[in-house]
Amino acid sequence: MARTKGATNKDSADRKREILDGIWKAMRESGGKPLSWREMAVAGGVGPATLSHHFGKRDDVVSAVLKAKRQEGAEPLHILAEPSSSDVEQSLNDALAHILVGLTQYDVGDLVGLGLAEGMYHDIIGPLFVRDGLEPILAGVEQRLKAHEARGDIPTGKNLRHAAIILAGPVLLTYAHQHPLRGQSDYPTQLGDLAKQSAETAALFLTT
């Protein structure tokens with residue numbers, strides 16, 4: 001029986017996603033230790049040659065994982081971009097609470113750890129992590145602020161990119177400090193309290 005047109009491509013895409021899912025699981029369980037090429041192949045349930053056939057080099061595998069995680073985050077990022085209240089400070093608090101849920105209960109925190117472990121000073125993975133890991137979060141916050149501006153909740157003329165960094169930057173940095181970098185035991189910080197302070201600071205910057 002003839003194969004349905006397009007089935008080969010779908011089968012290949014499904015297989016690649018299965019491989020990536022296995023590799024991502026192993027990355028999460030590695031405690032931040034970058035996986036070797038062979039370890040990636042084992043985690044994906046394939047041999048090194050098959051892994052190379054599907055993805056190319058090791059950097060291409062990490063790139064594919066980052067891209068897949070960004071695609072999975074499309075709906076949460078959409079929520080992040082939409083104002084939740086006409087009260088700007090409340091909306092910013094809600095935005096940071098949404099980010100914290102992603103960091104602490106879903107894959108976002110592991111993605112930050114992966115980005116730090118794989119991307120620091122790396123000419124390929126570093127920019128990819130910025131593009132697929134960090135920038136979508138900052139862009140989502142900036143889109144929320146643009147929506148507030150369009151509705152007249154905040155005055156025009158503010159640098160909304162800077163405001164997004166003022167809001168989300170401390171939370172992302174402190175999460176990395178506390179968890180992937182293991183600072184929690186010696187220098188514990190309450191992320192929820194920090195988020196409220198960041199929302200207050202960003203709201204003051206935007207409304208005055």
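The search for aromatic pairs comes to a count of zero, under a rule that pairs rings of Phe, Tyr and Trp (its six-membered ring) if their centres lie within 6.5 Å, with planes under 30 degrees apart counted as stacked, over 60 as edge-to-face and the rest as tilted.

A word on the ground rules. The model is a predicted one, in which local features need pLDDT of at least 70 and side-chain atom pairs count only at pLDDT 80 or more, while totals for chains, interfaces and linings use all residues. Residues are numbered from 1 along each chain as its sequence is written, and side-chain values use heavy atoms, with hydrogens and water left out.

As for confidence, pLDDT (the predictor's confidence in each residue, from 0 to 100) has a mean of 91 over the chain, and 95% of the residues reach 70 or more.

Now for the overall build. The chain holds ten helices and zero strands, where helices (H or I, at least four residues) and strands (E, at least two) are DSSP runs numbered from the N terminus. Written out along the sequence, the pattern is α-α-α-α-α-α-α-α-α-α. Along the principal axes, the C-alpha atoms fill a box of roughly 65 × 50 × 30 Å. Of the 208 residues, 39% are buried; buried means under 20% relative accessible area, exposed means over 50%, and partly exposed is in between (1.4 Å probe, protein chains only). The accessible surface of the chain is about 11,500 Å², with 55% of that belonging to carbon and sulfur atoms. These areas come from the Shrake-Rupley method with a 1.4 Å probe, and for residues only the protein chains shown count as cover. Counting contacts (heavy atoms within 4.5 Å) with a separation of 6 or more, 66% are between residues 24 or more positions apart.

Next come the charged pairs. Side chains of opposite charge can pair when their charged atoms come close. The whole structure has 15 salt bridges, each a side-chain nitrogen of Lys or Arg within 4 Å of a carboxyl oxygen of Asp or Glu. One of them joins Asp110 to Arg28, with the closest N and O atoms 2.6 Å apart. This pair links distant parts of the chain, since Asp110 is in helix 7 (residues 108-119) and Arg28 in helix 1, 82 residues apart. Asp110 is partly exposed at 27% relative accessibility, and Arg28 is also partly exposed, with a relative accessible area of 40%.

A further salt bridge brings Glu118 together with Arg58, at 2.8 Å between the closest N and O atoms. Glu118 lies in helix 7 and Arg58 in helix 4 (residues 58-72), so this bridge ties together parts 60 residues apart in sequence. Glu118 is buried, at 9% relative accessibility, whereas Arg58 is partly exposed at 22%. Through shared partners, salt bridges also join Arg17, Asp21, Arg28, Lys69, Glu72, Asp107 and Asp110 into one network. Lys33 and Glu39 meet in a salt bridge too, at 3.5 Å from N to O. Lys33 is partly exposed at 47% relative accessibility, as is Glu39 with 33%.

Some single residues round out the picture. Ser198, in helix 10 (residues 191-207), is buried with a relative accessible area of 5%. Leaving aside neighbours within four places in sequence, Ser198 is in contact with Leu96, Ile166, Leu167, Pro170 and Val171. His162 belongs to helix 9 (residues 160-178) and is partly exposed at 45% relative accessibility. Between His162 and Phe205 there are 9.6 Å from C-alpha to C-alpha, with the two 43 residues apart in sequence.

Tyr121 is not a glycine, yet has a positive phi of about 60°; Tyr121 is in the loop between helix 7 and helix 8 (125-151) and is exposed, at 82% relative accessible area. Arg182, not a glycine either, has a positive phi of about 65°. Arg182 is in the loop between helix 9 and helix 10, and with a relative accessible area of 54% counts as exposed.
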